[in-house]
Amino acid sequence: LSDLLEDAGEPLVVFCRFQRDLDNVQVVTQALGLRYGELSGRRRDAIDDHACMASDVDVAGVQIQAGGVGIDLTRAAIGVYYSLGFSLGDYLQSRARLHRPGQTRPVRFLHFVAEGTVDEAVYRALEKRQEVVQEVLSTIKR
């Protein structure tokens with residue numbers, strides 16, 4: 001994450017499932033001297049009064065469930081999934097916050113997936129637009 005944030009050179013959004021992950025993103029961001037804002041169940045300083053990514057934020061840490069409908073994150077063209085949730089709907093909505101009308105640049109999404117973990121099955125299911133729980137269960141049964 002540190003290398004990615006250091007080399008990005010532009011605002012980006014880091015999606016997380018857990019608050020502990022958001023805390024880690026904040027620590028890394030601040031250690032690099034970048035400005036951090038968050039959109040989660042506990043904070044909303046990553047967005048302005050118009051529900052857009054705040055102009056004084058370099059890295060927006062967004063809890064996937066909190067970054068749903070009505071939020072405009074098109075100020076960033078890079079979305080990073082630090083941790084994934086199990087909801088296909090939340091995943092698609094989070095992607096749509098960056099890739100929506102008003103976005104003028106190509107959008108890139110990066111996923112941090114630990115090899116040999118259930119995260120691989122979750123990622124595969126989300127990318128195939130399948131129900132995550134069914135995909136994970138079928139992977140475990142193999």
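**A walk around the parallel sheet**

In this predicted model, helix α2 (residues 19–31) lies across β1, β2 and β3. The helix runs at about 175° to β3.

Visitor: In what order do the five strands of the open sheet stand?
Guide: The pairing in this sheet is parallel. The edge strands are β2 (36–39) and β5 (108–111), and each pairs on one side only. Neighbouring strands are turned by 20° against each other on average, direction ignored. The order is β2-β3-β1-β4-β5.

Visitor: How many bridges join β1 to β3?
Guide: Strand β1 covers residues 12–16, and β3 covers residues 59–63. The two run parallel. V14 stands opposite G61 in β3. The bridges joining β1 to β3 number five.

Visitor: Which residue in β4 stands opposite F15?
Guide: Strand β4 spans residues 78–81 and runs parallel to β1. Three bridges join the two strands. Opposite F15 stands Y81.

Visitor: Which residue in β3 stands opposite G37?
Guide: Look at the pairing of β2 and β3, which is in the parallel sense. It extends over four bridges. Opposite G37 is A60.

Visitor: Which residues have the most contacts inside the largest nonpolar core?
Guide: This core has 23 residues. The elements that give two or more residues to it are β1, β3, α3 and α4 (118–127). Apart from it lies another core, of eleven residues, among them A8, V14, C16 and V80. Inside the largest core, the residues with the most contacts are V13, F15, L73 and L98.

Visitor: Which residues does V13 touch, not counting residues up to four places away in sequence?
Guide: V13 is buried and points from β1 the same way as F15. V13 is also among the residues with the most contacts inside the largest nonpolar core. Its partners are M53, A60, V62, L73, A76, I78, G79, V80 and L98.

Visitor: Is S94 buried or exposed?
Guide: S94 lies in helix α3 (residues 88–96). Its relative accessibility is 0%. Buried means under 20%, so S94 counts as buried.

Visitor: Which residue's backbone oxygen does the side chain of S94 reach?
Guide: Start from helix α3, where S94 lies. The distance from the side chain to that oxygen is 2.7 Å. The oxygen belongs to Y91.

Visitor: Is C52 buried or exposed, or in between?
Guide: Compare C16, which counts as buried because its relative accessibility is 0%. C52 has a relative accessible area of 26%. Buried means under 20% and exposed means over 50%, so C52 is partly exposed.

Visitor: How many disulfides does the count give?
Guide: A disulfide is a covalent bond between the sulfur atoms of two cysteines. The rule asks for a pair of cysteine sulfur atoms within 2.5 Å. By this rule the count is zero.

Visitor: What is the phi of A51?
Guide: A51 is found in the loop between β2 and β3. Most residues other than glycine have a negative phi. A51 is a residue other than glycine, yet its phi is positive. The value is near 65°.

Conventions:
Residues are numbered from 1 along each chain as its sequence is written. This is a predicted model: local features need pLDDT of at least 70, side-chain atom pairs count only at pLDDT 80 or more; totals for chains, interfaces and linings use all residues. Side-chain values use heavy atoms; hydrogens and water are left out. Buried means under 20% relative accessible area, exposed over 50%, partly exposed in between (1.4 Å probe, protein chains only). A polar contact is a pair of N or O atoms within 3.5 Å; within protein, one must be able to donate a hydrogen and the other to accept it, and residues adjacent in sequence count only if both atoms are side-chain atoms. Two strands pair if DSSP finds at least two bridges between them. Axes are lines fitted to C-alpha atoms, for helices over the stretch in contact, and angles run from 0 to 180 degrees between N-to-C directions. Contact means heavy atoms within 4.5 Å. A nonpolar core is a set of buried Ala, Val, Leu, Ile, Met, Phe, Trp, Tyr and Cys residues joined through side-chain atoms within 4.5 Å.
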